[in-house]
Amino acid sequence: MCVVAQTPYRSSALILYMSNSSIRDGFLSGSANGVPSVNRLLATLPKNEYKRLLPKLKIVNLVLGEVLYEPGNVINYVYFPNDSIISLISELSKTSWLEVGMVGNEGMAGLAVFMGVGFSPTRCLVQGSGSAMRMSSGAVRKEANRLGNFHRLLHRYSHSLLTQVSQSAACNRFHLVDARLARWLLMTNDRLGVEEFPLTQAFLSTMLGVRREGVSKAAGALQVGKLIRYSRGVITILNRRGLEAKSCRCYAIIKAETEAYLN
Ligand SMILES: [Zn+2]
């Protein structure tokens, strides 16, 4: 079961708006037997394999601030986001957290189950409200043991996520905050498909692992360059190409790896 977060994040004003048309279109293009799916990992499965999985998938709504697992929690369910985003967050101290990975419609939260580990190494926090397909950990193990396309895709996704996490680690250590902010906004934009979303500095501070002053300065720099507008806690992406140019190359590396695994 999902555990409602008792964390400072829950009071965050972050609300990530969804595009109804993109969800509807995605549902149509990714549906089988009338059951919606816009999760790209599931949509990549051959039809017969996807149909076999359908009875084991349940669509659930994930709410901003919900904690799906805390570090060390038993993973009872995995989640394939449709139009929601889940952050993988590492605990550095009792009061200090840092996002080390992001799972959207390209992947699955709870990957440890596939790797043969029943416990979550990170906090999995819903960063953007929306729907996801939920599957029990037992069903994941059973399906993976068939050694079919589901197994193959999860293997490839594991590599993709590892690339994202390792690239993010290097990025957090060496790249400038405004470049990292640009990367984070692009990755969020890719998964939500919308250019405008409310976002608090407190939340971004945790996502980027910098003080609020650093977030404010970085957002200010992007705003001066007319790449974004940041007003009253709402970020609007004004110039996506400019944001790509401002981002460190980590964005392109992570995106290329994601597209490669899905193709
Ligand atoms: Zn970087």
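**Entry 1: the zinc site**

I began with the donors of the zinc ion, which follow the spacing C-x3-H-x72-C-x1-C along the chain. The model I am reading is predicted.

I then looked up which atoms these are. The zinc ion is coordinated by C171 through SG, H175 through ND1, C248 through SG and C250 through SG. The distances run from 2.1 to 2.3 Å.

Next I checked the geometry. The angles among the 4 donor atoms are 98 to 117°. The site counts as tetrahedral, because four donors get that label if all angles lie between 85 and 135 degrees.

**Entry 2: a sheet of 3 strands**

I turned to an open sheet and noted its strand order, β8-β10-β9. The pairing in this sheet is antiparallel. β8 covers 196–198 and β9 covers 228–231. Both stand at the edges with a single partner strand each, so one side of each has no neighbour in the sheet. On average, and with direction ignored, neighbouring strands here are turned by 15° against each other.

As a reminder to myself, strands of a sheet pair through backbone hydrogen bonds, in parallel or antiparallel fashion.

I followed the pairing of β8 with β10, which spans residues 234–237. These two strands run antiparallel and are joined by 3 bridges. Which residue of β10 is the bridge partner of P198? I found V234 there.

**Entry 3: E66**

I looked up where E66 sits. E66 belongs to the loop between β1, residues 58–62, and β2, residues 67–69. Its relative accessibility is 8%, so E66 counts as buried, the limit being under 20%. What does the side chain of E66 reach? I traced it to the backbone nitrogen of V63, at 2.7 Å.

**Entry 4: the whole chain**

Last, I noted the totals. The protein chain has 10 helices and 10 strands. It holds 263 residues, and 54% of them count as buried.

Key:
Residues numbered from 1 in each chain as written. Predicted model: local features only at pLDDT ≥ 70, side-chain atom pairs only at ≥ 80, totals over all residues. Heavy atoms only, no water. Donors = N, O, S within 2.8 Å, 3.2 Å for Na, K, Ca; no water. Tetrahedral: all angles 85-135°; square planar, octahedral: opposite > 155°, others 65-115°. Pairing = 2+ DSSP bridges. Helix = DSSP H or I, 4+ residues; strand = E, 2+ residues; numbered from the N terminus. Axes fitted to C-alpha atoms, helices over the stretch in contact; angles between N-to-C directions. Buried < 20%, exposed > 50% of the residue type's maximum accessible area, 1.4 Å probe, protein only. Polar contact = N/O pair within 3.5 Å; in protein donor to acceptor, adjacent residues only side chain to side chain.
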